[in-house]
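Open the model in your viewer and follow the stops below. Each one says what to select and what is there.

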Amino acid sequence: MSGSKKSASFSIKKAQYYVWYLGWKECRGLGGREFTEPIVKELVHRRSGEELPKLTIEVSKKELKIVQLVENRKGKIDKVKYPPVLSKDVTYAVQALSPDEDVVACIFLGYNPHTKCAVHVHVYRCDSVETARLLVNHLNQLAHLPEHME
């Protein structure tokens with residue numbers, strides 16, 4: 001019986017979030033605002049005034065699926081699917097500090113041969129502070145799944 005209680009308390013519902021992508025940068029820590037906030041500030045400043053790519057992030061217990069809809073040269077919409085981020089590779093998520101509380105920073109694992117770094121901060125702007133809060137809570141549920149804590 002305790003097994004069924006445990007799995008029920010860690011059920012993660014699938015949800016989609018529509019965000020603007022500010023970018024990513026390598027980092028040296030698996031979690032903590034001290035690793036994310038400087039990158040958030042840099043990317044928010046660098047990308048201000050630019051048209052940001054719009055993404056859909058689908059969060060499930062297994063992975064994050066990231067999709068971008070782009071208009072091709074013929075005026076048709078193409079769906080660009082990015083490589084999924086396994087849920088076990090999500091280590092930390094946080095809302096940025098004021099005045100950027102609609103911005104979410106996520107630390108993901110994944111070796112990048114160009115940067116020779118396996119830890120990266122990805123930064124997204126949400127449509128509201130509340131959506132950012134929901135996304136952060138959802139991502140941190142993944143990061144704290146018992147099977148990911150081993």
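A pocket here is an open set of points on a 1 Å grid over the protein atoms alone, where a 1.4 Å probe fits, with protein on both sides within 12 Å along at least five of seven lines; lining residues have an atom within 4 Å of a point. Points are joined across faces, edges and corners, and a volume is the space filled by probe spheres set on them.

This is a predicted model: local features need pLDDT of at least 70, side-chain atom pairs count only at pLDDT 80 or more, and totals for chains, interfaces and linings use all residues. Residues are numbered from 1 along each chain as its sequence is written, and side-chain values use heavy atoms, without hydrogens and water.

**Stop one: the largest pocket.** It holds about 440 Å³ of space. Select Tyr-21, Ile-66, Pro-83, Val-85 and His-122, the closest to its centre of 20 lining residues.

**Stop two: the second largest pocket.** Its space is about 250 Å³. Select Lys-54, Glu-58, Lys-65, Lys-79 and Lys-81, which are among its lining residues.

**Stop three: Leu-64.** Contact means heavy atoms within 4.5 Å. Beyond its neighbours within four places in sequence, Leu-64 touches residues including Ile-57, Val-90, Phe-108 and Leu-139.

**Stop four: strand E5.** Strands are DSSP runs of at least two E residues, numbered from the N terminus. Select residues 90–95: five of the six are buried, so E5 is largely enclosed by the rest of the structure. Buried means under 20% relative accessible area (1.4 Å probe, protein chains only).

Terms used. Buried < 20%, exposed > 50% of the residue type's maximum accessible area, 1.4 Å probe, protein only. Helix = DSSP H or I, 4+ residues; strand = E, 2+ residues; numbered from the N terminus.
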